[in-house]
Amino acid sequence: MKLGRVDLPLPDVPRLGVAAFRNRIVFHLVFIALALATLALAVALLNEERQRNAQRYEQTFAKSLAEIVAQLRHPSGQLALMNPEPAQVDAGWVAPLVLPFGAIDFDDATKAQRAVEMAGCALQYPGGASLCTAVGSNAYAGAFVYLVASLDALPLVSRERGARDLSDVHRVHIRLRSGGSERQWLAPVEMADGQRGQLPGFVVPAPDDAALLPAQARPQRDFRGWVWREGPCLTTAEPCARRTIVSIRLPVEAFREALFRPGGPQWPPADLARTGLRLALLGPGGSVLFDSAAPDAQPALSLARLTGALSPGETLKITRGANVVALLQGAEETGAPPSPWLTTLIQHLPAPAAPRTLTAHDAVTTPRGRFDITLSGDLQGLDRALSASAARMAWPVGAMLAAIGLAWLIIEMGLIRRVAVLTRRAAALSHQLQAPERFELGTLDVADLRGRDELGILAGTLGELLQHARDSLRREQLRAEREHDQWHAVGHEIMSPLQSLMLLHAGDDDPSRRYVQRMQQAVKVLYGQASPSEALAAATLAVGRMDLDAFLRGVAENAAYAGVDAVAYAPAGEPVWVQADEYPLEDAITHVLANAARHRVPGTPITLALRVEGESATVDIHNQGPPIAEALLGRVFDYGVSDAEPEDGARRGQGLFVAKTYLAKMGGSIAAHNVPDGVVFEIGLRRA
């Protein structure tokens, strides 16, 4: 077969098994496992944090209610319970609160201050001033409004008894708005000494000059007021400013009428939340030392302020009998809003084992009756709070997953993908080299895989090795072409003298004619093909029916002409018909005889024996001599295998290969085995 230049593209890569992708599968599984482990760790920590939050919440839930109830049982808390409704007065007006005790001891500064501080009823003004406006919880203590104010002031200018003009003295101006009507009082300061004084209350018409008393005005009998200056000096300058306390008991006729209505006293009055008061402490010349209508006053404790003590998801319900006094909800987290998908994930976690809803009950008793307190907690609030905090932790987890993905991408694109490309191309090249019908060495293009890293060096080395192999193959092709042409030339030169010999030995009875014909046939076979082995493999034989016994007699008689003497054969006495081609069979036996003659003991004969067994006939060729080495016994019929060096340029290891090839084409067989005195070759043929 003529070999030309090979420069073919690689065919499609064959389908590779799972084992070829094992490392890639493991690589991807490792990265998937790493990402899943990161997510599993985050979910496990989230589940553990949720479990701890639920346990802490369950442990502190009852304590939270106890703290709230403790606040409500304090007088300030009772004040908030007894005044749940917001004031319904205009801005700048103060609505009285119902005190958690019967009355304020307004005649004693210390007791009045203590009562205000315990009840927490005071409005706190910028600058440190305060004002408590309240009514007692006991209806029979009288229909009075108590006003207790505290402020820092310089020495007060006192009124002379009987004076009507109050413009040059300190005075208290009180306005009361109730039931659509309004009343006013002026209470000038009458100091008994520098530390204590009275506040007689005069009813003045409204509207009127707040600095002039009516003629023949007399103080209201039930109006009581006191002023105290106490404590150290608040400044180093003179005159000295001190803490000043004003305590007033103000009678309200509308409240008094509510005590004596048919059906029993109604207390507190129904319109208490719509009753407004305004108190101002005026100085000489109309200066204002204190005004209850001043802005930015901080109100007293209310139930709404309890919302700050509630956690997200908690509900505080306060009832009095069948009436709901207040329903408060815990404020949601003011930080980042919870993530919906995180909240859903948290709610599907197995933890916690605690109940989803917790409830606790307690009661607070006040002068106005019993108040039932119910605190309800829902773990969904904890889930939302945990979701908001977990959303901040999602960034580190996302960064870890991004780092894993980036590492996978770098390794996949920078290494694994290039390895896969190189693997596919190498597999396609290997598949091409293993094709039985042809031998073609394609091109392994690694230009896109070259680089300075390990894989680039490996790809470049493989490309260079393949290029060297292609160059070697090209040189071998050129050598084979020259050898092919040389064989043809040799065959042509040999055929010409053989044709002349055929003319010289034209007679059919000439023994030499037979050998000349065999030589012509051998030349046609051996020198008409590319190489001896290929020629023998491609040769076509004319297998027919022949008498093996007669054939062997002729071989023994004519062996001397082939250079093998002392060949003995014992005839079978009757024809033995087999399937064979006469000339190739004679070549095969002659090659075996030549091999036996080369290894026999000098002077000993070579014997031929014919055995018939069933459907086969066997020729035993025996020579006396050294045995065949065990290492060569199974390979002695291979092309080029021989235990002897070439002599005079003659090739060794070709004769037995020719014999095996011819016999195989005739359906026969040949084998060799050692015997005690030499070697026996067995040639088997099928009987015809």
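Reply: A pocket, on a 1 Å grid over the protein atoms alone, is an open set of points with protein on both sides within 12 Å along at least five of seven lines, whereas a cavity is a set where a 1.4 Å probe fits but cannot get out; lining residues have an atom within 4 Å of a point. Grid points are joined across faces, edges and corners, and a volume is the space filled by probe spheres set on the points. The model is predicted, local features need pLDDT of at least 70, and side-chain atom pairs count only at pLDDT 80 or more, although totals for chains, interfaces and linings use all residues. Residues are numbered from 1 along each chain as its sequence is written, and side-chain values use heavy atoms, with hydrogens and water left out.

The second largest pocket holds about 1000 Å³ of space. Its lining consists of 48 residues, and Asn83, Glu85, Pro86, Ala87 and Leu97 are those nearest the centre. At least two lining residues come from each of α2 (75-82), β1 (97-98), β3 and β15 (323-329), where helices (H or I, at least four residues) and strands (E, at least two) are DSSP runs numbered from the N terminus. By residue type, the lining of this pocket has 36 nonpolar, seven polar and five charged members; Ala, Val, Leu, Ile, Met, Phe, Trp, Tyr, Cys and Pro count as nonpolar, Asp, Glu, Lys and Arg as charged, and the others, Gly among them, as polar.

Of the 10 residues that line the largest cavity, Tyr515, Val555, Asn558, Ala559 and Thr590 lie nearest its centre. Helices α8 (511-526), α10 (548-558) and α11 (582-599) each supply at least two residues of that lining, and α11 gives the most, with three. The lining of the largest cavity divides into six nonpolar, two polar and two charged residues.

Gln71 belongs to α1 and is partly exposed, with a relative accessible area of 35%; buried means under 20%, exposed over 50%, and partly exposed in between (1.4 Å probe, protein chains only). Leaving aside residues up to four places away in sequence, Gln71 touches Gly77 and Leu306, a contact being heavy atoms within 4.5 Å. Gln71 and Leu306 are 235 residues apart along the chain, yet their C-alpha atoms are separated by 9.1 Å.

Seven aromatic pairs are found in a search of the whole structure. The ring centres of Tyr57 and Phe61 lie 5.7 Å apart with the planes at 55 degrees, so this pair is tilted; rings of Phe, Tyr and Trp (its six-membered ring) pair if their centres lie within 6.5 Å, with planes under 30 degrees apart counted as stacked, over 60 as edge-to-face and the rest as tilted. Tyr57 and Phe61 are separated by about one helical turn because they are four residues apart in helix α1 (residues 22-73), and both residues are buried. Tyr125 and Phe290 form an edge-to-face pair, 5.2 Å centre to centre with 90 degrees between the planes. This pair links distant parts of the chain, 165 residues apart, with Tyr125 in the loop between β2 (122-124) and β3 (130-135) and Phe290 in strand β13 (residues 288-291). Tyr125 and Phe290 are both buried.

Two arginines also meet aromatic rings: Arg249 lies over the face of Phe144, 4.1 Å from the ring centre, and the charged end of Arg545 sits over the ring of Trp577, 4.2 Å from its centre. A charge sits over a ring if NZ of Lys or CZ of Arg is within 6 Å of the ring centre and within 35 degrees of the ring normal.

The backbone has some features to check as well. Most residues other than glycine have a negative phi, and most peptide bonds are trans. Trp267 and Pro268 are joined by a cis peptide bond, with omega about 0 degrees, and Pro268 lies in the loop between α4 (253-259) and β12 (276-282). Asp296, though not a glycine, has a positive phi of about 65 degrees, and its relative accessibility of 60% makes it exposed.
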